[in-house]
Amino acid sequence: MSLVSYLFNGLSLGAVYAIIALGYTMVYGIAKMLNFAHGDVIMVGTYIAFTAISTMGMSPAAGIIISIIGCTVIGVLIEAIAYRPLLNVSKLAVLITAIGVSYFLQNVALLIFGSDTKSFTSVVSFRGISLAGGKLNISGETIVTIAVCIVIMLVLTIFIKYTKPGKAMLAVSEDPGAASLMGINTNGTIALTFAIGSALAAVAGVLLCSSYPALTPYTGSMPGIKAFVAAVFGGIGSIPGAFVGGLLLGVIEILSKAYISSQMADAIVFAVLIVVLLVKPTGLLGKDIQEKV
Amino acid sequence: MAMLEVKDLNVYYGMIQAIKGVSFEVNKGEVIALIGANGAGKTTILQTVTGLLKPKSGSVFFEGKDITKTPGHKIVSMGVAHVPEGRRVFASLSVLDNLRMGAYTRKDKGEIAASLAEVYKSFPRLEERKNQPAGTLSGGEQQMLAMGRALMSKPQILLMDEPSMGLSPIFVNEIFDIINKVSKEGTTVLLVEQNAKKALEIADRAYVLETGKISLSGNAKELMNNDSIKKAYLGE
């Protein structure tokens with residue numbers, strides 16, 4: 001029974017990784033850049049939700065909505081101020097800027113909220129379920145997190161496959177120049193991608209801290225890195241890849257903690273990434289399209 | 001007034017000047033060929049017209065309006081469609097989705113459906129393969145798709161960059177027949193080609209580009225009989 005319970009915990013953590021990984025993978029797919037500040041947007045979103053709910057006494061629903069709006073605005077601002085001016089320079093400059101943005105967000109949070117750990121109150125009021133005569137308990141947070149992740153995946157897939165802005169995203173990710181010739185505003189499409197990724201980061205942050213309540217200015221960095229690993233693991237640029245990569249990573253991490261060693265869990269996660277990349281450099285679901293000339 | 005007018009254009013790639021004071025014009029209903037060797041700057045000129053590149057100086061006018069500083073994505077809805085060099089179809093999207101992308105800026109669903117029917121009429125092969133990813137088409141089919149995609153915007157002027165590149169002679173003939181047909185139906189055409197013979201055959205007028213400068217221009221039939229053109233571009 002404990003194995004099943006660990007599996008559910010793993011899927012729940014993995015679902016958070018998957019939601020974060022979607023932000024990495026979409027931005028990479030469309031803007032061809034790694035937004036290493038993405039993890040810190042999660043932290044900012046969680047502080048916004050914390051302030052709204054615990055400090056100002058708003059309802060969890062209102063807090064989540066404010067957090068989503070706040071993160072969306074911040075994501076779009078980061079893109080417009082920090083990354084867009086670097087569109088035509090070396091990718092290394094963008095990468096370094098992203099790391100700079102990451103430190104900037106952490107330190108702004110440090111200035112405003114201080115370094116002490118805040119205890120985030122779970123936004124999930126549903127108690128969870130108890131199965132097998134009380135032997136298997138699945139928390140409400142676990143169920144909600146997994147459900148939210150599945151809903152996000154479905155909505156995002158439908159959005160990209162069947163809507164005009166979604167198809168525009170695919171076109172920009174393949175060939176920004178040709179997309180521009182179709183009349184697609186590529187800068188606008190990139191901004192939309194950042195907006196979606198950042199909104200998802202807010203959701204991920206609130207879900208993460210509902211299960212793991214310790215909130216500090218560094219809360220986002222490790223899950224951010226792990227979600228990046230999940231995105232690469234699944235095949236960066238691929239949306240189903242982020243989903244699969246995230247879930248697998250969460251399960252591997254929790255099972256390693258439970259059965260091998262809780263200190264070694266992170267090392268095992270990264271070791272798995274290295275092995276996968278050695279065997280399949282494009283990641284599990286990554287594709288390299290052969291261009292016809 | 002010319003439909004498209006390029007005035008004293010200077011374009012740089014970093015420190016290197018690719019286009020040196022080029023001026024030309026395209027009148028409504030004409031087929032204009034821009035011919036020249038590899039690296040003469042033909043593609044650069046088209047990319048500057050449709051806003052993919054920004055010139056250092058000079059201007060581009062479309063229907064009398066200065067579009068030099070207009071963002072690229074706004075130019076297509078004005079009536080300028082560009083079939084880029086190397087087709088650049090969206091490989092992972094289906095043929096149908098590629099064509100729909102061509103009508104991205106248009107709103108009227110009924111008219112878009114009519115354009116789609118027209119494109120399918122010109123290129124029956126595209127209809128047969130409408131659900132196939134564009135990346136799985138042959139080179140010639142991709143060229144047809146790129147043309148169909150451009151026509152989906154219902155352009156007033158069609159800019160075509162090397163449509164014959166890498167195609168078998170049968171496809172080349174087919175593509176040029178369609179360019180002819182598009183022109184007869186009232187679309188103005190600016191054609192960039194290395195295949196000077198083919199281009200001069202269907203063009204009304206032509207400009208010859210040499211290392212970023214226009215070295216010769218005039219009536220296409222006359223240019224075909226010009227000795228230096230024959231020697232340099234027609235292999236005679």
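Into which domains is chain B divided? In this predicted model, chain B consists of domain 1, made up of residues 32-40 + 195-236, and domain 2, which covers residues 81-154. The C-alpha centres of domain 1 of chain B and domain 2 of chain B are 30 Å apart.

Helix H1 of chain B spans residues 42-49 and is mostly covered, with eight of its eight residues buried. The buried residues of H1(B) include B:Lys42, B:Thr43, B:Thr44 and B:Ile45. B:Leu46, B:Gln47, B:Thr48 and B:Val49 of H1(B) are buried as well. Just after H1(B), B:Gly51 adopts a positive phi of about 80 degrees.

Chain A contains 11 helices and four strands. Its C-alpha atoms occupy a box of roughly 60 × 45 × 35 Å along the principal axes. The radius of gyration of chain A is 19 Å, which agrees with the value near 19 Å that a compact globule of 293 residues would have. Of the 293 residues of chain A, 50% count as buried. Among contacts in chain A with a separation of 6 or more, 74% join residues 24 or more positions apart.

The contact between the two chains involves 19 residues from chain A and 23 residues from chain B. On the side of chain A that touches chain B, the elements giving two or more residues are helix H6 (164-174) and helix H7 (176-181) of chain A. H6(A) gives the most to this side, with five residues. By residue type, the side of chain A that touches chain B comprises nine nonpolar, five polar and five charged residues.

Technical notes: Residues numbered from 1 in each chain as written. Chains lettered and ligands numbered in written order. Predicted model: local features only at pLDDT ≥ 70, side-chain atom pairs only at ≥ 80, totals over all residues. Domains from an automatic or database assignment. Contact = placed C-beta atoms within 7 Å. Nonpolar A, V, L, I, M, F, W, Y, C, P; charged D, E, K, R; others polar. Buried ≥ 20, exposed ≤ 12 C-beta atoms within 10 Å, placed from the backbone. Rg over C-alpha atoms; globule rule 2.2 N^0.38 Å.
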